[in-house]
Amino acid sequence: MSDLRPVVIYGASGSTGRLVAEYLREMSVPFVAAGRNKARIQEVMDKVPGIETADYEIAEVDGSVESLTNLFQGRKVVCNVVGPFLRYAPPVVEAALAAGCHYIDTAGEQPHMLKLLDVWGPKFAEKGLVVSPAMSIQYALHDIAARIVLETPGIDTLELASVASAIPTVGSTQSIFDVIRADAYHLADHKLVKYDGVVTQQLAVPGSGQVLMGTNWGGTAMPVFFRDDRRVRNCKMFVAMQNQDIWKRVVDLERLFKIALQWLPEEKLYPVLDRMASGMTADSPPRENRQIQRNVDWCYGRGNNVTARVVIHGSTGYQMTGLIQAYAATRLLGSDYNGVGFRSPAQLFGHRELMGVLESYGFAHVTEESVS
């Protein structure tokens, strides 16, 4: 057995990477904090609470398949938190497979997840490895809610929604802007059906009386997770922010992209999108406050003559993401997980068990309603 530290956080200098390190330290898991700038990583690690008790090292890599493969050799799990994933994930996935590592990330981009499902999933399965995206508040919470709903026999239609009071990280904002130019899908009668651009919908927030405007948010992970689940005929999801300026900016950006930007080659388009994204999130956000950064996520299920609804109230989504990543890495170091190849978070660890972890840390609480 290798004596190398078994878990790699790729993107450890970012806000999310710092939180993953925090929870790996708490779970006594040795790790490598990796990224492009060793000095920046050290600066960030120095701010992790209790880091002096952690078993970790810092590695600087250039992001190429070769450098990443060399780093990953002999390790067990790669936690990729470098977004936007449409741009930066491919060499990380390739290197993880080449080195024989499980791969998890925090991605929310539907095209990236579809490629993991259809292209990389079978390759990882052949090697007995797991590839699991969206190991984060989006969309692990919704994955949990949907699978609790599906415990009611006869449910075949899932309608999901999310409302958050959050400050997006730089990478998250860039990802939002990136998916504007990609096709987005929902599941209808067991088939992925393309949306006609950005679609908006009013969302009635359970228990609050609020009605907020949300968008289809690039399609979300949920239609991907349930595409091949024959229990589910239809699945779609909408996302709203308490800051309602965000959906307006997304709609405006789509209009601008169609009119003026879609003709630009990627090397010129990305800098434009990044400058626009920096207008929403100029720097790494401050650490969340659970009295302020709260979220409500829900799934409504329908069958011919049955309904069910699950609501999850939570807080501090990025901290939840750090916990989910660390917990997933810890589980993957053993043998107690479900299946190989492409797996959703709740598929991989069990939806009740994953929810129990979040509840045990006081981050979330689930309520259920079922009518049969």
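1. Among contacts in the protein between residues at least 6 apart in sequence, what percentage join residues at least 24 apart? In this predicted model, the share of such contacts that link residues at least 24 apart is 76%.

2. As for the overall make-up, the protein has 372 residues, of which 55% count as buried, and its secondary structure comes to 13 helices and 16 strands. The accessible surface of the protein is about 15,500 Å², and carbon and sulfur atoms account for 49% of that surface.

3. Strands of a sheet pair through backbone hydrogen bonds, and this pairing can be either parallel or antiparallel. Here, seven strands form an open sheet in the order E3-E2-E1-E4-E5-E6-E15, and the pairing is parallel. At the edges stand strand E3 (56–60) and strand E15 (341–342), each of which pairs on one side only.

4. Strand E1 (residues 7–10) and strand E2 (residues 31–35) run parallel and are joined by four bridges, and Val7 stands opposite Phe31 in E2.

5. Turning to the pockets, the second largest pocket holds about 160 Å³ of space, and its lining includes Glu159, Lys236, Phe238, Trp298 and Tyr300. Two or more lining residues come from each of strand E7 (157–164), strand E10 (200–204), strand E12 (234–241) and strand E13 (294–302), with E10 giving the largest share, four residues.

Note on methods
Residues numbered from 1 in each chain as written. Predicted model: local features only at pLDDT ≥ 70, side-chain atom pairs only at ≥ 80, totals over all residues. Heavy atoms only, no water. Buried < 20%, exposed > 50% of the residue type's maximum accessible area, 1.4 Å probe, protein only. Contact = heavy atoms within 4.5 Å. Areas by Shrake-Rupley, 256 points an atom, 1.4 Å probe, with all protein chains shown as cover. 1 Å grid on protein atoms, 1.4 Å probe; cavity = no way out; pocket = protein on both sides within 12 Å on 5 of 7 lines; lining within 4 Å. Points joined across faces, edges and corners; volume = space filled by probe spheres on them. Pairing = 2+ DSSP bridges.
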